[in-house]
Amino acid sequence: MTTLAHLSTSALVLRYAGFAILATLANLGAQRMVLGIWPKGLFVAMILGTGIGLVVKYLLDKRWIFFDVETGARAHGRKFGLYTAMGLITTAIFWGMEAGAWAIWHSTMAREVGAILGLAIGYVVKFHLDRRFVFQTDLS
């Protein structure tokens, strides 16, 4: 059975980055849909996009990063709750950078660049929080 400890650092980084990109695309895609319907709905777009990105990333991380095989509603509920709690910290980074870029430059490009930078920083922080508190993975 493959475990986090059995992945090379480069394989882990590539896999995690790939999943972060997928979750980011899901997040920004959902935001674009909301903003296409309601151009002044940035806050709603950010909430919906964050929620969709969170679920996508949780499912990918659980199985393919942390190799967590626990099943059932209780296990998923507990872990998803912890995963979400760790995400509150990183969401503050992401939303702050996205909203800050929008407030400064008032352009879609700046907002999305701010979002991407915030998500990238947040995902690095989140990996370490998830490893320690959610999936409690021992790399030794």
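**Entry 1: helices α1 and α2**

Is the crossing of α1 and α2 right-handed or left-handed? I looked it up, and the crossing is right-handed. (A crossing is left-handed if the near helix is turned anticlockwise from the far one by less than a right angle, and right-handed if clockwise.) Before going on, I noted that this is a predicted model, where local features need pLDDT of at least 70, side-chain atom pairs count only at pLDDT 80 or more, and totals for chains, interfaces and linings use all residues. I also noted that residues are numbered from 1 along each chain as its sequence is written, and that side-chain values use heavy atoms, with hydrogens and water left out.

Helices here are DSSP runs (H or I, at least four residues), numbered from the N terminus. Two packed helices are described by the angle between their axes and the distance between the axes. For α1 and α2, I found axes that come within 8 Å and cross at roughly 155 degrees. Axes are lines fitted to C-alpha atoms, for helices over the stretch in contact, and angles run from 0 to 180 degrees between N-to-C directions. The two helices are therefore roughly antiparallel to each other. (Angles under 35 degrees count as roughly parallel, over 145 as roughly antiparallel, 65 to 115 as roughly perpendicular and the rest as oblique.) The residues of this α1 and α2 contact divide into 20 nonpolar, five polar and three charged. (Ala, Val, Leu, Ile, Met, Phe, Trp, Tyr, Cys and Pro count as nonpolar, Asp, Glu, Lys and Arg as charged, and the others, Gly among them, as polar.)

**Entry 2: helices α1 and α4**

Next I took α1 (residues 9-37) with α4 (residues 108-134), and their axes come within 10 Å and cross at roughly 140 degrees. That makes α1 oblique to α4. Their crossing is right-handed. Here I counted eleven nonpolar, three polar and four charged residues in the contact of α1 with α4.

**Entry 3: the cores**

In soluble globular proteins, nonpolar side chains tend to be buried together. What did I find in the largest nonpolar core? It has 23 residues, and Ile65, Tyr83, Tyr123, Phe127 and Phe135 touch the most other members. (A nonpolar core is a set of buried Ala, Val, Leu, Ile, Met, Phe, Trp, Tyr and Cys residues joined through side-chain atoms within 4.5 Å.) The elements giving two or more residues to this core are α1, α2 (42-65), α3 (73-105) and α4. Apart from this core lies another, of five residues, among them Leu35, Leu42, Ala45 and Met46.

Thr50 is in helix α2, and at 15% relative accessibility it counts as buried. (Buried means under 20% relative accessible area, exposed over 50%, partly exposed in between, with a 1.4 Å probe and protein chains only.) Not counting residues up to four places away in sequence, Thr50 touches Asn27, Thr91, Phe94 and Trp95. (Contact means heavy atoms within 4.5 Å.)

Lys62 also lies in α2, and at 6% relative accessibility Lys62 counts as buried. Leaving aside neighbours within four places in sequence, its contacts include Phe67, His76 and Phe135.

**Entry 4: two positive phi values**

Most residues other than glycine have a negative phi. I then looked at Phe67, where phi is near 50 degrees, a positive value. Phe67 sits in the loop between α2 and α3 and is buried, with a relative accessible area of 8%. His106 has a positive phi of about 50 degrees too, although it is not a glycine. His106 is in the loop between α3 and α4, and at 54% relative accessibility it counts as exposed.
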